Structure formats: C-alpha cells, structure tokens
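Reader: I have this one open on my screen and would like to go through it with you. Can we start with the charged pairs?
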Amino acid sequence: MASAAFPSHPDSSRHAPELRAAARHIGRRRLLGAAGAAMALAFAADLPRPGVAAAAELDAARIDAHPFTLGVASGDPLPGSVLLWTRLAPAPYQPDGGLPAERVDVGWEVARDEAFATVVRRGTATAHPEFRHTVHVEVDGLEADRVYYYRFRAGSWLSETGRTRTAPTEACRVASLTLAAVACQAYQDGYFTAYRHLAEDDVDVVFHLGDYVYEYAVDAAGGARAYTDRRLPALFDHEAVSLEDYRLRYALYKTDPDLRAAHAAHPFVVTFDDHETENNYAGAVPENTDSAPEFLLRRAAAYRAYWEHQPLRPPQLPVGPDMRLYRRLHWGRLAQFDVLDTRQYRSDQAYGDVPHVPGPQSEDPARTMTGAAQERWLLDGWRSSAALWNVVPQQVCFSRRNMGLAPVAEVSMDAWDGYPAARRRVLDGAKEAGVENLMVLTGDVHVGFAFDIKEDFDDPYSRTVGTEIVATSISSGRDGSRRPGNWATYMTANPHLRFYDGRRGYARVTLGQQLARADFRTVPYVTAPGAPVTTACSFVTEVGEPGLKPA
C-alpha cells in the first residue's frame with residue numbers, strides 16, 4: 001500500500017470545492033473522532049437534512065422519456081418483507097440522469113401474480129434528487145416464503161416487472177434453497193452473458209460478492225466489447241473518484257440488458273469489495289496517491305453511490321465515509337447467512353501488498369480482516385445459530401492459496417492468507433460454537449475454485465472443517481481459459497484445492513437437509529455476446545461430514 005503522504009490523486013480536483021474543504025476538515029476531525037468527521041462529510045455531500053426545505057416537486061406527467069432505463073431490483077428478503085429498488089433516469093448517461101433537481105412521486109405495487117390481478121401492497125415513494133432519483137421501498141406485511149411480482153409507475157410510464165420472494169420464517173423447516181454466487185463484472189472486459197443465463201436459472205436468491213462496478217476508465221467502444229453500433233460518452237473515459245463519477249458508472253453498468261434481466265428475475269444480497277471504490281484499498285488507506293482526507297472523501301462518494309444504486313435497506317445508508325454493510329439473514333432453520341465486509345475495517349496489507357511468504361508482518365496477531373466489532377458479531381452469531389448451514393458470503397479467498405511449489409510458498413497479502421491470525425480466530429470461533437456445516441462464498445479472483453477448508457492448512461491430513469466456493473467473474477479478466485497457465489502449480493501446491501477453472505460464469509449452490517451441491521456454471525467467452533452456458537463441474541458436501549466430493 002502506498003503511503004497516504006503521497007501527492008493527491010491526479011483526478012481528485014473533480015471533487016466540488018465544498019467537498020474538498022470538507023476533506024480538509026475531516027483530516028483534522030477524524031483524528032479527534034470519526035463520528036464528527038463523518039457528520040461533517042455527510043453535511044458536505046448534500047444529504048437531505050432535517051429542518052431544510054425539501055426540493056420542489058416535479059409532476060411525473062412532465063417526464064417525456066422512459067425513466068426506468070436502469071431497470072428494477074429487489075434485495076435482502078426477510079420472512080414478511082423485501083426491499084424494492086429503481087431509479088428514474090430518462091437520460092442515464094447525463095450527470096443529472098435527465099431530470100431537474102426536483103422530487104418525483106413514484107407509485108409501486110406488489111402482486112401475487114405476474115398479471116397483477118391480485119395486488120397485495122401498493123403505495124407511493126419519493127425519488128429525491130439528493131439520491132439521484134433512486135427509490136428504495138421496504139415492503140412489509142407480506143407472506144413468508146413465497147414469490148411476488150412488483151413494478152413501478154411514474155406518470156404514464158410503467159417499469160418492467162420484477163420477480164422477488166420472501167424468506168421463510170426462522171422457525172420453519174425448509175427442504176432446500178438454491179442460491180447463485182456472482183462477482184467481478186468489469187464492463188470494459190466483456191459482456192455480462194452469464195447474467196442472461198442466471199436470469200433464466202431457477203434460484204431463490206443471488207449473492208453478489210463484490211466488484212459490482214470498477215473505477216477504471218471505459219472508452220467509447222466499451223473496451224473489449226468493441227462496440228460498432230454505438231459510442232459511449234467521454235465522461236466514462238477516466239477513473240471514477242467523485243460522487244458524480246461513481247453515479248455515472250452505476251448508470252452505465254445498469255443499462256446492460258443482461259444485468260437488468262438478472263435483477264428483475266431474482267432478489268440480490270449484495271456486499272462490496274474494493275473496485276466499487278479503489279483497487280485494494282484497506283480501511284482508510286488508499287492504494288495509490290490520495291492523502292488520507294482526500295481518500296475518505298472518495299470513499300464517502302463511492303459508498304453513497306453504492307447505496308443509492310443497490311437494493312439495500314435504510315440501516316445500510318452510509319454516513320460520510322462509514323457504512324454498516326455487514327448483516328445477517330436467515331432462510332428458515334436451513335441456513336444462516338453472515339454477510340461480511342472485509343474491506344472497510346481491515347488492517348493495511350503487509351509487505352507492500354505483493355505476493356510474499358508468510359512473515360512477521362502478515363502474521364502479527366493484532367492484524368484484522370474484519371475489524372474487532374464485526375469479528376465479535378460473526379462469532380456471537382454462530383454461538384446463537386440454530387441453522388443447519390452457516391454460510392459466509394464475503395469477498396477474498398479464505399483458504400490457503402499457495403502460489404508456488406516452494407516448501408514455504410508466496411501467498412496473497414490481500415486475501416485471508418495475509419491475515420492468518422484473523423483466519424485462525426474465525427476458525428476457532430466456529431469450532432467453539434459447534435458449527436458443523438460451514439460454507440464460505442467468495443469472489444475477487446476471477447476464477448472458480450472449490451476448497452476444503454482445513455483445520456490446519458500446513459497439514460493436508462488435518463480435519464476438514466468446511467467448504468469454500470469461489471465464484472468466478474462475470475466478465476473481469478475477459479474470456480479466460482479452462483486451465484490457466486498456473487493450473488498445474490496451484491493444483492499441486494494446494495492439496496485442499498479440489499477444482500480450478502479460469503472461465504467466466506457463476507456458482508450455483510443448493511443447500512439441502514442431507515447435503516449441499518455446488519455447480520460451477522461457465523461461459524466460453526465474454527468478448528462477444530451470446531455465449532452458451534455449461535456446467536464445468538459439480539461437487540457435493542454432506543451434512544456433518546465436511547469435504548467436497550464429485551457429484
């Protein structure tokens with residue numbers, strides 16, 4: 001990691017003057033108290049505030065172009081509730097989305113059937129200009145464990161129909177659950193074809209494990225998409241650092257028809273990794289050249305745009321550069337999901353964040369991947385869990401990943417290998433809590449992995465204590481290959497690694513009362529549209545007997 005004392009990021013001048021002033025204020029105040037600094041930044045970032053006159057109202061009948069260009073989404077299903085999302089943006093590639101800075105009333109309705117013959121809930125929400133006319137609706141009073149359909153209306157304009165579902169009650173005995181795990185969708189690296197196939201797949205919920213957008217520039221041809229039928233505006237062709245930049249990135253990504261189809265078909269549970277803000281940042285430490293105050297300003301902008309454009313509930317609304325994203329969901333007595341944030345609270349990467357053999361820096365027991373509060377929350381949640389499967393959706397590789405054949409091999413300093421004491425505490429906590437069926441869901445590395453989680457990774461014959469399913473990327477890394485150049489090395493150096501595939505796609509996991517099954521779904525290319533999908537490999541792990549076996 002670069003020192004925060006380096007010069008500011010070359011693009012940081014795009015922050016509004018009042019935000020740059022707030023960054024200087026944060027630099028002083030954060031040393032005295034994070035809460036005061038966050039409040040200062042929240043004020044400067046134009047959050048709606050009590051006691052301030054609301055924006056003028058725009059009559060939705062005056063919207064003269066289709067405003068639902070970014071589609072619809074739902075998320076975080078609870079037994080009697082689900083979160084619905086949309087955004088009004090008749091001109092999505094304009095900074096203002098094509099609307100004036102006026103609030104708009106948006107109607108919504110939820111029905112039992114796709115034809116909306118039986119509407120069970122309806123209402124009106126306000127699309128505020130301060131949130132770039134995004135809409136988050138918490139719909140309560142629904143039946144547990146059933147499918148619903150939803151849509152929005154603004155004036156005479158009607159959105160597409162979305163399909164969502166509620167979770168079973170916590171006391172319910174559930175036979176099975178099928179989820180998809182997805183991650184890493186660099187727009188400029190290719191088409192989101194895997195999402196089109198996922199939209200047609202029969203899953204109950206989708207877990208997005210990070211890198212939903214990338215901060216990197218996207219040229220007029222869309223990078224590897226190599227558009228010939230359109231030209232993207234120049235405002236995408238620079239790195240995102242400001243709130244306007246990040247909002248525009250989400251607008252670009254969410255106009256992709258395959259991503260829209262997946263969101264409309266299934267509820268999502270989302271968590272971010274690094275690229276939603278900046279590559280490999282660690283807590284308040286940037287990768288490259290921002291000063292600490294400038295980076296916190298950038299992080300605040302990134303987190304704000306993330307919340308605005310995801311189906312997240314109000315408790316996840318960031319306050320300045322701070323966002324409580326980790327949270328717990330249940331699927332009856334079958335599964336408990338502890339969704340982690342391994343980016344916001346972590347210690348800085350050891351050894352300059354380059355592959356390195358384990359050493360005093362990385363093995364320092366004071367180092368943390370999750371922060372102390374989140375770590376306690378995770379372990380306490382396991383102690384009280386009554387679920388058959390305890391699933392941890394998170395970002396970076398949890399299992400040991402030796403990168404070479406030396407007796408002591410280099411490992412990634414950005415993954416849990418760079419934080420072995422934190423990993424040890426988590427595994428010890430699972431053992432103490434009596435967790436018998438542990439599954440970790442991971443993204444980040446742009447390949448599919450299947451790991452047996454070992455009690456002691458230095459001893460290949462030690463007890464297997466869980467399973468890690470690493471979802472490959474949707475598009476990041478471009479086309480990929482079935483066996484990347486380091487395939488043989490990795491398979492030899494890591495006897496607990498049961499599967500490795502470098503193509504794009506997603507993982508589908510079915511949790512049952514007797515076993516769990518993981519299917520690695522892959523597409524052969526993403527640099528052209530229309531690729532078919534196949535199942536590259538399938539594994540099962542049995543209840544009470546951790547360890548992957550070919551299906």
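Author: This is a predicted model. Glutamate 109 and arginine 151 form a salt bridge, with 2.6 Å between the closest N and O atoms.

Reader: Where do glutamate 109 and arginine 151 sit in the chain?

Author: Glutamate 109 is in strand β3 (residues 104–111) and arginine 151 is in strand β6 (residues 147–154). They are 42 residues apart, so the pair links distant parts of the chain.

Reader: Are glutamate 109 and arginine 151 buried or exposed?

Author: Both glutamate 109 and arginine 151 are buried.

Reader: And what does aspartate 201 form a salt bridge with?

Author: Aspartate 201 pairs with arginine 508, the closest N and O atoms being 3.0 Å apart.

Reader: Why does aspartate 201 count as buried?

Author: Because its relative accessible area is 13%, and buried means under 20%. Arginine 508 also counts as buried, at 16% relative accessibility.

Reader: Which residues are linked with Asp201 and Arg508 in a network?

Author: Arg517, Asp519 and Arg521. Together with Asp201 and Arg508 they are linked in a network of salt bridges.

Reader: How many salt bridges does the structure hold?

Author: The structure holds 38 salt bridges. One of them is between the side chains of aspartate 256 and arginine 225, at 3.0 Å from N to O.

Reader: Where are aspartate 256 and arginine 225?

Author: Aspartate 256 is in the loop between α4 (243–254) and α5 (257–265), while arginine 225 is in the loop between β10 and α4. They are 31 residues apart, and the pair links distant parts of the chain. Aspartate 256 is buried, with a relative accessible area of 4%, and arginine 225 counts as buried at 4% relative accessibility.

Reader: What does phenylalanine 337 touch?

Author: Setting aside residues up to four places away in sequence, phenylalanine 337 touches Leu177, Leu179, Phe207, Arg327, Arg328, Leu329, Trp331, Val391, Pro393 and Leu511.

Reader: Which helix gives the most to the lining of the largest pocket?

Author: Helix α8 (residues 420–433), with 5 residues. By class, the lining of the largest pocket divides into 14 nonpolar, 3 polar and 8 charged residues.

Reader: What about the volume of the second largest pocket?

Author: The second largest pocket has a volume of about 330 Å³. It is lined by 23 residues, and Arg401, Met403, Ser412, Asp444 and Val445 lie nearest its centre. That lining has 11 nonpolar, 6 polar and 6 charged residues.

Reader: Different subject. Where is glycine 418, and what is it in contact with?

Author: Glycine 418 is in the loop between β14 (389–393) and α8. It is buried, with a relative accessible area of 0%. Leaving aside neighbours within four places in sequence, glycine 418 is in contact with Ser362, Arg367, Ser412 and Met413.

Reader: Last topic, backbone angles. What is phi of aspartate 145?

Author: Phi of aspartate 145 is near 55 degrees, a positive value in a residue other than glycine. Aspartate 145 is in the loop between β5 (134–139) and β6, and counts as partly exposed at 37% relative accessibility.

Reader: And phi of arginine 478?

Author: Near 60 degrees, again a positive value in a residue other than glycine. Arginine 478 is in the loop between β17 (464–470) and α9 (487–493), and at 45% relative accessibility arginine 478 counts as partly exposed.

Definitions and conventions
Residues numbered from 1 in each chain as written. Predicted model: local features only at pLDDT ≥ 70, side-chain atom pairs only at ≥ 80, totals over all residues. Heavy atoms only, no water. Helix = DSSP H or I, 4+ residues; strand = E, 2+ residues; numbered from the N terminus. Nonpolar A, V, L, I, M, F, W, Y, C, P; charged D, E, K, R; others polar. 1 Å grid on protein atoms, 1.4 Å probe; cavity = no way out; pocket = protein on both sides within 12 Å on 5 of 7 lines; lining within 4 Å. Points joined across faces, edges and corners; volume = space filled by probe spheres on them. Salt bridge = Lys/Arg side-chain N within 4 Å of Asp/Glu carboxyl O. Buried < 20%, exposed > 50% of the residue type's maximum accessible area, 1.4 Å probe, protein only. Contact = heavy atoms within 4.5 Å.
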